[in-house]
Structure formats: structure tokens, C-alpha cells
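I am opening a notebook on a structure that is new to me, and I want to write down what I looked up, one topic at a time.

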Amino acid sequence: MKAIRRFTVRPVLPDPLRPLSDLARNLRWSWHAPTGDLFQSVDPECWAACGRDPVRLLGSVGAERLTELAGDRAFLDRLDGAADDLHTYMTGDRWYQTQSGTRPRSDQLPAAIAYFSPEFGITAALPQYSGGLGILAGDHLKSASDLGVPMIGVGLLYRHGYFRQTLSRDGWQQEHYPVLDPNELPLVQLQEPDGTPALVGLALPGGRSLRARIWLAQVGRVPLLLLDSDVEENDPGARGVTDRLYGGGSEHRLLQEMLLGIGGVRAVRAYCRITGHAPPEVFHTNEGHAGFLGLERIAELGAEGLEFDAALEAVRAGTVFTTHTPVPAGIDRFDRGLVARHFGPGAELPGVDVDRVIGLGRETYPGGEPGLFNMAVMGLRLAQRANGVSLLHGGVSREMFAGLWPGFDPEEVPITSVTNGVHAPTWVAPEVFRLGARQIGAERAEEALTVGGSDRWDSVADIPDEDIWQLRRSLRALLVMEVRERLRASWRQRGAGTAELGWIERVLDPDVLTIGFARRVPSYKRLTLMLQDRDRLTNLLLHPERPVQIVVAGKAHPADEGGKRLIQELVRFADDPRVRHRIVFLPDYGMAMAQKLYPGCDIWLNNPLRPLEACGTSGMKAALNGCLNLSVLDGWWDEWFQPDFGWAIPTADGADGGASTLSAVGDDPDRRDAVEAAALYDLLEQRITPRFYERGESGLPDRWLEMVRHTLSLLGPKVLAGRMVREYVERLYAPAAGGHRAMDPDAARDLARWKSRVRAAWHGVTVDHVETSETTGTAELGTTLALRVRVGLGGLGPDDVEVQAVSGRVDEEDRITDAAPVPLKPVGSADLEGRWVYEGPLCLDRTGPFGYTVRILPSHRLLAQGTELGLVAVPSQDVLGAAGLLMR
């Protein structure tokens with residue numbers, strides 16, 4: 001029989017055990033090993049059966065066992081110690097507080113930052129993530145907590161989360177959507193002071209409304225607010241808005257993103273009002289999904305009497321936008337009519353002009369589609385500071401969005417980069433941490449994983465080779481056990497009987513070189529590149545002296561039939577009795593599997609189409625456990641690769657990290673894949689497997705262990721989310737907070753009027769004449785030339801602009817390739833024609849072909865950079881020809 005109603009019956013803990021409830025509700029247990037160990041000791045078998053979830057554990061353990069623990073003095077001492085440790089962690093000063101105390105009052109760090117993301121991967125016990133974006137967001141919050149950064153996370157609570165993956169008998173991906181009960185998750189409902197649920201609401205067309213309750217997940221020191229539309233006040237359509245992560249059609253996705261952005265700001269306001277938390281000075285939009293948060297903030301200021309243009313400037317000053325996608329197809333775009341229907345009179349934000357809303361997301365640049373509303377474009381227009389997630393991806397993003405800043409070379413598009421990092425306490429295996437703690441002490445080891453600092457990582461050099469090799473083998477053995485268990489469960493789901501599965505006991509070997517490949521399965525990540533030459537791969541797997549074994553995992557989006565075919569192709573190869581003991585595919589890739597997989601692998605493989613990997617953090621997690629990377633030079637690997645700690649797979653575009661450049665293959669994708677797969681096989685056969693199996697005088701693989709050391713000591717401090725969050729604080733959050741504070745209503749109005757005046761007058765801004773003291777076309781290194789420029793300012797004044805000389809080396813097409821701008825100064829006043837003269841020195845500080853030009857940019861104290869307006873005036877061809885702006 002099926003129940004007509006479901007309840008969650010919470011356990012009543014004996015008084016001495018009450019602190020267990022607080023420990024379970026703070027997700028710090030998911031990365032704080034001593035707290036996790038405490039819960040495991042409550043009931044080890046139940047802990048494993050509950051998926052290492054303390055909330056489920058406390059709801060499942062028997063009353064008799066709880067009574068026994070309430071009288072166990074040793075357990076209660078451990079419990080008191082854990083509770084005291086959490087209190088100290090939550091209330092004591094950490095890195096952020098020490099930084100705030102050293103700054104002048106005018107440059108104080110933000111009182112709070114609101115961080116919005118459509119998904120968060122905190123722990124497998126809270127399955128609200130699909131892949132890298134969510135894991136990155138979760139690691140961002142955890143590291144902010146460890147560093148003491150006053151952050152508030154904002155997301156949605158999906159009742160079905162992301163799908164669970166199984167395989168059919170023939171290897172086809174199948175999706176399952178188990179229903180999640182928030183009352184059974186490590187969440188509490190945010191309540192008003194009178195005890196009623198705190199709700200936020202959106203107005204929908206046709207007089208409908210969308211209401212959402214607010215669930216709170218405590219991520220260490222950071223509150224994470226998750227909005228849930230499954231409330232009785234909603235009609236069935238509205239109740240289903242937060243049903244699935246990345247599910248539904250266009251309108252469904254639009255409503256999710258309106259709830260995340262607009263409803264999320266309202267949830268933050270409610271949380272701060274109820275708890276007394278400092279209101280955010282900075283709003284960080286992690287990808288474009290939450291971009292509507294800027295519209296809500298404009299509406300807030302409009303209700304206070306600020307006009308749209310001035311409110312836009314005030315909002316931009318305190319907003320940071322991070323883009324994660326390297327291709328336009330990865331951006332959410334909506335029909336402008338659909339967006340228009342959900343805003344204005346009779347819908348949401350009635351006080352904001354619908355045309356202004358649409359204008360923020362229109363693709364009004366060459367090659368854009370003005371009929372579409374682009375969420376990333378809106379995110380960039382609503383944020384004064386923006387970044388990609390690796391150096392390479394920053395460059396790709398500047399190219400992709402260059403149309404928003406016409407007249408500027410892509411390298412000057414105001415999108416910087418902060419390379420992603422990973423939360424080491426989450427991803428470093430306990431065995432690795434214990435080895436480090438034995439070397440430098442537990443406290444210093446914890447600091448090394450959270451704050452970073454190369455001095456703490458240099459001590460890896462002092463760990464004996466024997467200890468490192470034994471650690472690596474034990475981690476490999478743990479992975480072998482995990483793989484066999486998961487493989488057996490997968491085959492049973494595929495319909496196999498126990499009698500058919502005896503071969504699984506021989507799957508993988510703890511002494512064989514182990515390669516890991518696990519990620520989402522879009523086509524550009526090339527799951528099946530390894531299958532290009534199956535005979536060659538088979539020979540690698542079955543080599544009598546230097547075999548390899550491969551563990552593969554990953555999910556395709558439910559609507560991605562091509563991705564599902566790739567999985568099936570890989571699974572069918574792995575099912576072959578000849579090789580199935582050496583290559584496996586594990587379904588249902590998630591955090592719990594990943595935490596076993598990364599430490600147990602010797603090589604982490606990554607072979608995307610370059611440059612389509614924005615960052616790719618899985619290799620970072622593997623590296624923190626002493627796993628070496630084998631990757632195409634894409635994402636973070638392009639930035640930090642060194643032969644000391646891994647290998648670069650040569651690519652058809654010549655990005656080879658020092659290996660022999662491959663011949664160009666044009667636009668033939670099959671030829672490109674064949675060439676790059678051959679390069680992968682070559683590396684494995686000729687360089688990687690010999691190094692792993694080669695033994696030195698000590699009987700250990702000395703050269704391999706040297707690379708493991710370099711991976712830990714050189715890469716370790718770089719790949720930390722602690723390093724990443726510190727960069728966000730210093731380079732983006734602190735300047736955004738300063739901009740927010742400077743943008744009071746009068747300043748916002750002044751800046752808005754100034755921008756309007758500059759845009760209207762810019763057509764009259766010209767560079768009319770350029771002359772220099774050097775006329776021969778050659779000069780000696782170190783020479784300083786006198787530059788004199790006559791410009792027209794079209795009704796603007798010198799205070800409105802900056803006239804710059806831009807110089808540097810030039811290429812064969814006379815493009816300045818390493819431009820360095822130097823401001824010029826006005827001399828005297830305007831002449832009778834209204835022209836101004838600017839002068840300044842031009843230093844010839846490089847040999848070889850050298851060139852310069854002159855340009856004019858808008859200038860205002862409240863601009864983050866001169867390129868912000870997308871306006872620039874440069875010399876005409878006539879002026880260029882007369883000036884001779886090139887020297888060799």
C-alpha cells in the first residue's frame with residue numbers, strides 16, 4: 001500500500017548528545033575529518049548505509065545505541081571537543097579578519113558578499129549540482145568559510161536534484177529522478193520572528209504569482225539560502241519551477257532564473273533582516289543564470305527615488321560577473337518577447353521600463369541576434385567587473401564578447417581572469433592529509449590546505465620516497481575495492497545475476513598504472529578519443545610488462561543523445577571480456593565517487609577540444625593527491641603546465657607544451673581526433689608507462705616519485721580554492737566594495753549624466769594631428785621622443801577624457817602586440833577652432849620593429865577602466881599617413 005501522506009520523524013537525542021544535532025546541521029562535517037570520524041563512531045555500519053550523511057544517521061540509529069553513547073564518557077569528551085572546535089571555527093578571527101584590520105578605513109573589505117549560483121556541490125548528502133560549475137560554487141563557499149570571508153550563498157532547491165544515472169543491459173544511459181524531502185536533508189527552514197515560514201514571491205503574467213520558501217544550509221561560517229517553489233500557495237505550474245536542475249523548456253528556465261536572481265535578492269534581504277547579518281556590499285553572479293539580480297537591485301533603488309540610469313550605475317559598481325562558458329552555445333538565451341511578457345505592468349518589476357530590461361540583454365553587436373535576450377550579455381552590462389576562470393579562458397571570453405566594446409582590441413576588453421581552484425580539505429584523501437600532518441603537524445597541514453603558501457608545501461621534499469610510494473599504492477588498492485563494489489552494483493542494475501559476476505573479483509590491480517577520466521560528457525570533452533585506435537589501446541591495457549588500467553565515469557545531459565551514444569560506445573568496449581579487467585565505466589558519477597577516484601589514480605586524463613575547456617578542475621583535485629596530469633593544454637593546464645609534474649598532449653593547432661608540433665589538419669574533425677589520439681598513445685607508450693615501471697637502485701620508481709613531489713609542492717599551492725578566493729577578495733570584491741561605497745545617489749546621478757553627455761558628444765572627438773621629434777624612422781634604444789598631438793573634444797573638456805600614446809612591438813601587419821599606454825597632458829587651452837594640444841614623452845624601450853599610436857578614451861573617477869563605455873577615438877588614415885607612426 002502507498003502512504004497518502006509522508007512525515008519526517010526526527011529523533012529525540014538524550015541531553016548529553018544534543019550537540020550532535022548542531023554538528024550535523026553545519027556542513028563543515030563534510031570536509032572536517034574529525035567531525036566525520038565522530039559521526040562514524042556512532043554506528044559505523046549505519047554511517048556507511050546512510051551515505052555518510054549525519055542527518056540520516058541520527059534518524060536511523062536505534063534508541064538503545066543513543067542511550068549507550070549518552071553514558072560513554074570517552075564519546076562525550078570527543079563530542080564536547082568537536083562542539084568546542086566548531087564554536088571556535090565559527091566565531092574566531094581568520095584570514096579575512098586579519099586583512100581587514102590592516103586596511104585604512106577608505107579601503108575596507110566588504111562587510112558581506114552575496115554569491116549567486118544555479119547549483120552548489122557541497123556534499124553528496126545535498127545533491128544540488130550537476131557538474132563542475134556546482135562543485136566550483138561549493139568549493140568557493142567552503143573556502144570563503146575557512147578564510148572567514150563574510151559570504152552569503154544563494155541558489156535554488158531542486159526537489160529532484162540532478163538525475164541519478166544507471167545503464168541498460170546494452171550500455172545506454174538511463175535517468176532517474178528520486179524525490180528529495182528537504183526535511184530529510186541537512187537544511188532548516190528560514191522563519192520570521194513569529195515562527196511562520198519566510199517567503200519570497202514573484203508576480204507572473206495573468207495575475208498569477210510564484211512563491212518560494214527559503215531553506216538554509218549552513219556551510220561552515222557561510223549561510224547558503226536555497227529557494228523552493230514547492231509550496232501550497234502556488235498553483236501546480238508554479239510549484240514545479242524548482243523541480244529539476246537544468247530541466248524544462250524556455251519559459252521554465254526563465255522562471256527558474258528569475259526566481260534565482262530576483263527572488264534571491266529578496267531572500268538575502270529577508271535573511272539579513274531576520275538574523276541581523278550585515279547586508280551585502282558586493283553581489284557576485286556566478287554565470288549568467290542569476291543575472292536578473294541586478295534588475296531587482298535597480299528596482300530597489302528606483303523605489304527609493306533613483307532614476308533608472310543612476311540606479312544602473314549604482315548597481316554596476318558593486319557587482320562582479322564570472323563567465324564559465326567558452327562557447328556562445330553554452331549561454332542561456334531567451335526570445336525577447338517571452339522576457340518582455342514577464343516584466344513590466346501586470347508582471348514582475350512593474351516600476352522598471354520593459355524596454356530598458358530588454359535592452360540590457362539584447363545582442364546589439366555584429367553577428368548578434370537582436371531578437372534574443374542573452375543572459376551573459378545582461379550579466380556583463382550589469383557588472384562593472386567581470387572575469388573568466390583561467391588565463392586562457394579570459395582570453396577566449398574577451399574574444400567572444402568583444403562586440404560589446406567596439407573599437408578595442410580583444411586583449412583590452414574589460415574581462416580579467418581568476419583561475420579556479422579546489423577546496424583541498426574536501427578533495428584530499430585522509431591518508432594524504434595524515435602523511436602531511438606527520439611531516440609538519442596537523443595545524444600547519446590544515447593551513448597549507450586552506451590558506452596556502454609555498455613554504456608549507458616545500459616540506460613535501462622531506463617525505464621519504466618509501467612513504468610516498470606506499471601511500472600511492474594503498475590509495476590505488478582502496479580504489480580497486482571501490483571500483484569492484486560499484487561495478488558489481490551496476491551490473492546487477494543491468495540485469496546480471498550473481499553467477500555471472502565472478503570475473504569482477506579480478507577487475508583492476510593495485511600494482512598497475514591507473515588512469516582516471518571522469519567528467520560531464522558533452523562532445524567537446526571527447527570521452528571516446530581513447531578509442532580512436534582500439535587495437536593500440538588494447539595493447540596498452542594488456543601489455544605483459546607495462547600494462548595500464550583505466551577508470552571512466554561521467555553523465556550526459558538527459559537531452560544530449562550524442563553524449564549518450566559516446567557513453568554507450570565506451571561501455572561496450574569496456575564490456576569486452578578481453579579487456580574488462582583493465583577498463584571500467586562506473587555510472588552515477590558524483591561527489592562521493594570522485595572523492596575515492598581522484599586519490600586512487602596515478603594519471604588524470606583530460607583531452608578536450610582546445611580551447612573549449614574553461615578551466616577543468618578535476619585534474620586539480622587529482623594533483624592534490626599526488627596524481628599526475630596528462631592533458632591537452634587547455635584551461636588551467638595551459639597556464640601552469642610544467643614537464644616536472646605532468647605531460648601535455650600535443651594538439652593539431654600546435655599547442656604542445658614543448659613536444660613536437662603536429663601538422664595542421666584544417667577543419668577535418670576526424671583527422672584532428674586521429675592525430676591527437678595518436679599523440680596520446682605515443683605519450684603513454686614511450687614516456688609515461690616506462691617511467692612508472694622503471695625502478696631505481698632503491699627498487700622504487702625514482703623518476704616517477706620525483707614528479708609526484710613536484711606535483712604536490714609546485715602545483716599544490718596554486719590549485720587551492722583558498723588562493724582563488726583570496727584573489728577574488730583582493731582583485732574584485734575589495735574594488736567592488738569601494739565602488740559601491742563611492743556610488744551614493746548623487747554620485748550615481750552625476751556618473752549617469754556624465755555618461756549620457758559623453759556618448760552624445762563622442763562623434764565630435766577626434767585625433768587631428770600627431771607629430772614627434774624623430775622623423776627618420778629609426779632611433780636608438782633608450783631614446784625618449786617628444787610627442788605632440790592636436791585633438792578635437794567635440795564639446796567635452798580635458799577632464800572628460802584621457803589622451804594616450806600607446807606603444808610597443810609591432811607584427812608584420814603593424815599591429816601593436818604588447819601595447820603599453822602612457823597618458824599625455826594638455827598644454828594651454830583650446831585654440832580658436834576648439835582644438836586642444838597634448839604633449840608627452842615616448843620612450844623607445846625595446847629593440848626591433850616598434851610602433852605607436854594615439855587614442856582618446858573617456859575618463860571619470862568612478863570608472864573601473866577606460867574601456868568601460870566602449871568608446872575610443874583613434875587617428876584617421878590621413879593622420880596616420882602624415883605622422884609616420886612606425887619605427888624600425
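I began with W491, which counts as buried because its relative accessibility is 10%, and I take buried to mean under 20% relative accessible area, exposed over 50% and partly exposed in between, with a 1.4 Å probe and protein chains only. W503 also counts as buried, at 9% relative accessibility. Before going further I noted that this is a predicted model, in which local features need pLDDT of at least 70 and side-chain atom pairs count only at pLDDT 80 or more, while totals for chains, interfaces and linings use all residues. I also noted that residues are numbered from 1 along each chain as its sequence is written, and that side-chain values use heavy atoms, with hydrogens and water left out.

**Aromatic rings**

I then looked for ring pairs, where rings of Phe, Tyr and Trp (its six-membered ring) pair if their centres lie within 6.5 Å, with planes under 30 degrees apart called stacked, over 60 edge-to-face and the rest tilted. By this rule I have 20 aromatic pairs. W491 and W503 make an edge-to-face pair, because their planes stand at 85°, with the ring centres 6.0 Å apart. This pair links distant parts of the chain, since W491 belongs to helix 21 (residues 465-493) and W503 to the loop between helix 21 and strand 15 (513-518), 12 residues apart. For these names, helices (H or I, at least four residues) and strands (E, at least two) are DSSP runs, numbered from the N terminus.

The rings of F692 and Y693 are edge-to-face as well, because their planes are at 80°, and their centres lie 4.9 Å apart. F692 is buried with a relative accessible area of 1%, and Y693 is buried with 19%.

**Charges over rings**

Which residue lies over the face of Y177? I found R244 there, at 3.6 Å from the ring centre, where the rule asks for NZ of Lys or CZ of Arg within 6 Å of the ring centre and within 35 degrees of the ring normal. In another case, the charged end of K555 sits over the ring of F163, at 4.9 Å from its centre.

Next I traced an open sheet of six strands, in the order 17-16-15-18-19-20 and with parallel pairing, where two strands pair if DSSP finds at least two bridges between them. Its edge strands, each pairing on one side only, are strand 17 (583-586) and strand 20 (646-649). Neighbouring strands here are turned by 20° against each other on average, direction ignored; the axes are lines fitted to C-alpha atoms, for helices over the stretch in contact, and angles run from 0 to 180 degrees between N-to-C directions. Within the sheet, strand 18 (residues 603-606) and strand 19 (residues 628-632) pair over four bridges in the parallel sense, and N606 has S631 in strand 19 as its bridge partner.

Helix 22 (residues 534-541) lies across strand 16 (548-553) and strand 17, at about 115° to strand 16. Helix 28 (residues 702-715) lies across strand 15, strand 18, strand 19 and strand 20, at about 80° to strand 19.

**A buried lysine**

K564, in helix 23 (residues 561-574), counts as buried at 5% relative accessibility. Its side chain reaches the backbone oxygen of P558 at 2.8 Å. Not counting residues up to four places away in sequence, K564 touches W172, Q173, E175, A556, H557 and P558.

Another open sheet has four strands in the order 21-22-26-25, paired antiparallel. I put strand 21 (765-772) and strand 25 (825-827) at its edges, each pairing on one side only. Its neighbouring strands are turned by 35° against each other on average, direction ignored. Strand 22 (residues 784-793) and strand 26 (residues 835-843) pair over nine bridges in the antiparallel sense, and G792 has R835 in strand 26 as its bridge partner.

How many of the 10 residues of helix 12 (residues 308-317) are buried? I have nine, so noted as mostly covered, including F308, E313 and R316.

G635 is in helix 26 (residues 635-640) and is buried, with a relative accessible area of 0%. Leaving aside its neighbours within four places in sequence, G635 is in contact with S390, L392, E613, A614 and C615.

Conventions: Contact means heavy atoms within 4.5 Å. A polar contact is a pair of N or O atoms within 3.5 Å; within protein, one must be able to donate a hydrogen and the other to accept it, and residues adjacent in sequence count only if both atoms are side-chain atoms.
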